[in-house]
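Dear colleague,

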Amino acid sequence: MRRRTAHPLPRRSGAAALALAAVLASTALAPPAPAAPAAGLTGLVNPFIGTQNEGNTFPGAAVPFGMVQLSPDTGHNTGYDYKDDHIRGFSTVHLSGVGCRIGGDLPVLPTTGEVQATDNARYAAAFSHRDETARPGYYRVRLGSYGGITAELTATARTGRQRYTFPATEQANVLFNTGQSLHKTVSTSVEIVDNRTVRTTITGRGFCQDTRPYTLHTLTRFDRPFSSFGTWNADGLSRGSRASTSLTRNGAWVRFDTTRDRDVEAGTAVSYVDAAGAAANLRAEEAGFDRTAEAAREAWERRLGDVAVQGGSRTLRRTFYSSLYRSFLAPNIGSDVDGRYMGWDQRVHRAKGFTYYQNWSLWDTYRTQAQLLALLAPRESRDMALSVLRIDADAGWLPKWGYGPVETNIMTGDPVTPFLTNAYQHGLLKGHEEEAYRALKKNADGVPPAASPFIGREGNEPYLRDGFVPYLPDRARRKPGDSDFHEGASATLEYALADGVLARMARELGHRADAERYAERSRNYRGLFDPSTGFFRPRDAKGAFTGSADPSRSPGFHEGTAWQYQWLVPQDLPGLVRLLGGKDATDRRLDSFFAYDRLLADPERTARQVWVNGPYDYYNADKYNPQNEPDLIAPYTYLSTGRPWKTTDVVHAALTLFTDSPTGMTGNDDLGTMSAWMVLSAIGVYPVQPGADVWGLSTPVFDRVDLRLDRRWYPRGRFTVSAPGTSRTDRYVRSVRLDGAAHERTYLTTEAIRRSERLEFTVGPEPSGWGTGARSVPPAIG
């Protein structure tokens, strides 16, 4: 997900406390690096990766898929920016790598002295990266202001735990700023419940554009009584006041005497349901700080331990495990400990037999992260898929981009279809296949009613009639969010992709007539092909090609150009290759797209100077953009031209963009999308047909990767990918064996992974004939 950019012609693209030695030390604007390695895999993770240059990650504390991400906010649009030197507060909710303002609820900051300022930009505390450390589930910083307070953060699934070490003073304060979240504030309330407890309610709205409002309830309990307290609102400070309600400026503070005991601990629980839900979550998950931090560390060790790598440099392993870590940060638990959750119909429901999840960056995650989680976290992935089905059951439609209990309608196309068909192909919808199919069919064949907050396939009426979504840039938005009509060309390609994977599901479930209908629609991409330019182009309402004929400047493609979107036909790559003039012609076009000759001479420089420009430069480009989702799949198109070694060349060049520094993220992470791309591409097994069951192969960057799989879905319980001697020079596949048998195809199916144990690559310094046969290429879905 990206910050909106002017269109069509923006600028040129171009636990414990004893284990704290694990954390990463840093100096101002220098990459944080571990002072000493920690035991276990968490010592290889650098949470600061992506916190600079608009990666928009967060360095704070969270557990896998946790509801709470307790992290510092420095004034950046999405929370934390490594270039900043003041912290405005530690808030409870963050999404990793989003491109628009969201979350940041209840920034809390320790201070000393009299409370005078209520704007967190004014009372923000200075800090230095020399005094800041982080590892999965734990964050620590020493504030340079207020006499040098040390703040430590950790988390459980539904709570955040803070420990503040103050100087000796009678005026040690903790400020609760309910009115300054990252999102738009609708209303807030704060209440001093007793001499240990603070309760807040925060209602906000907005993500990239406006949304329906949503409410977060919090409850904070301290480990000892505070000596005094007060509240503030737009009218000013009110010492001793127990409650305050305001539309914007609102907050409270509590004070402690730390002349003898300098440590103050508190736990904050959140709930999207009600105050009782927050209280129950706090009771269920409340523990001391060190115990909580150790439990968080152990949770991450278990999760990261599902992947064991051998070989590669320590820097590569740090980068890999940091990417794996970010891949497990979302979606997030949305139900309270009693199973209640706030539905998209704004009513309270209860999840029975599964955990309800929320936060759906589907336009991004359906391409990479959904597949990675289906492999490594199938139990959670099952619950995530069931949660998406509950959105349809509760509110009448499937989501597009959901935050908490609301639809934002951000981005275009039909990403929910490949997300759910992927779950189906992995066996995660067992017992729910027909329920899922009914919801997907309704979504694929209709448009949500005007009164619904969902936008769905907004362009379905002309798409079903004419075979394309027209590009109508002046059409007024009928609902908050993005409009498929404003990006008609890319919306058409996304609809066709979704139709292709739905056709396979329909066929396998015995819905033959539907399968044929969806398969035919999956070839609608052909209707956008302009023979005069040799590229896809948008059509207007009358069916005429419209916009610039220059494929690097063509409008109608969401966050991309015709050059980048021409490869988004994974449902029918053989058909696309024929459309482009055959394998040789397609290969030449790919070479131009990737600047392949320059890439061979200097892969890293080509990736950084030819491919990559500014993080939000989406348009006016004829080259690969590895910072954005539309052409993440493009390097694997070489598998369909019979040149699989070129896929390896391009993938390995793109992997150099991922490093273990704050700038080591390529574009926004988008709830784990980019991180999952890195993990899967490094392993050498990548989902080349998202929403189906086909995985493309390229040379791994590790000598060996052992995946520990859940036997409930993968009976062998493991899958090993090996490539002894793989290196920057010896990177070409000479042969592949699957469980000892020769494997000439450039792809695997999910079923092959399920019934196999060993995928063995033999590599060398030169390309070979492996994977070049006519039957080696990934097949069309339809």
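A pocket is here an open set of grid points, on a 1 Å grid over the protein atoms alone, with protein on both sides within 12 Å along at least five of seven lines, and its volume is the space filled by probe spheres set on those points. Please keep in mind throughout that this is a predicted model.

Sorted by class, the lining of the second largest pocket holds ten nonpolar, two polar and four charged residues.

The largest pocket has a volume of about 610 Å³ and is lined by 21 residues, of which Leu316, His652, Leu655, Thr656 and Arg728 lie nearest its centre. At least two lining residues come from each of α4 (314-327), α17 (603-611) and α18 (644-655), and the largest share, four residues, belongs to α18. In this lining, eight residues are nonpolar, nine polar and four charged.

Turning to helix packing, α8 (residues 416-425) and α11 (residues 488-508) pack at an angle of about 35°, their axes being 9 Å apart, and the crossing is left-handed. On the α8 side the contact involves Thr417, Pro418, Thr421, Tyr424 and Gln425, which meet Leu497, Ala498, Val501, Leu502, Arg504, Met505 and Glu508 in α11. Taken by class, this contact comprises seven nonpolar, three polar and two charged residues.

Finally, there is an open sheet of three strands, in the order β30-β31-β36 and with antiparallel pairing. Because β30 (685-687) and β36 (747-749) stand at the edges and have a single partner strand each, one side of each is left without a neighbour in the sheet. Neighbouring strands of this sheet are turned by 35° against each other on average, direction ignored. The antiparallel pairing of β30 with β31 (residues 694-697) runs over three bridges, and Tyr686 stands opposite Gly696 in β31. Helix α19 (residues 673-683) packs on this sheet and touches both β30 and β31, with its direction making about 135° with that of β30.

With best regards

Terms used: Residues numbered from 1 in each chain as written. Predicted model: local features only at pLDDT ≥ 70, side-chain atom pairs only at ≥ 80, totals over all residues. Heavy atoms only, no water. 1 Å grid on protein atoms, 1.4 Å probe; cavity = no way out; pocket = protein on both sides within 12 Å on 5 of 7 lines; lining within 4 Å. Nonpolar A, V, L, I, M, F, W, Y, C, P; charged D, E, K, R; others polar. Axes fitted to C-alpha atoms, helices over the stretch in contact; angles between N-to-C directions. Left-handed = near helix turned anticlockwise from the far one by under 90°. Contact = heavy atoms within 4.5 Å. Pairing = 2+ DSSP bridges.
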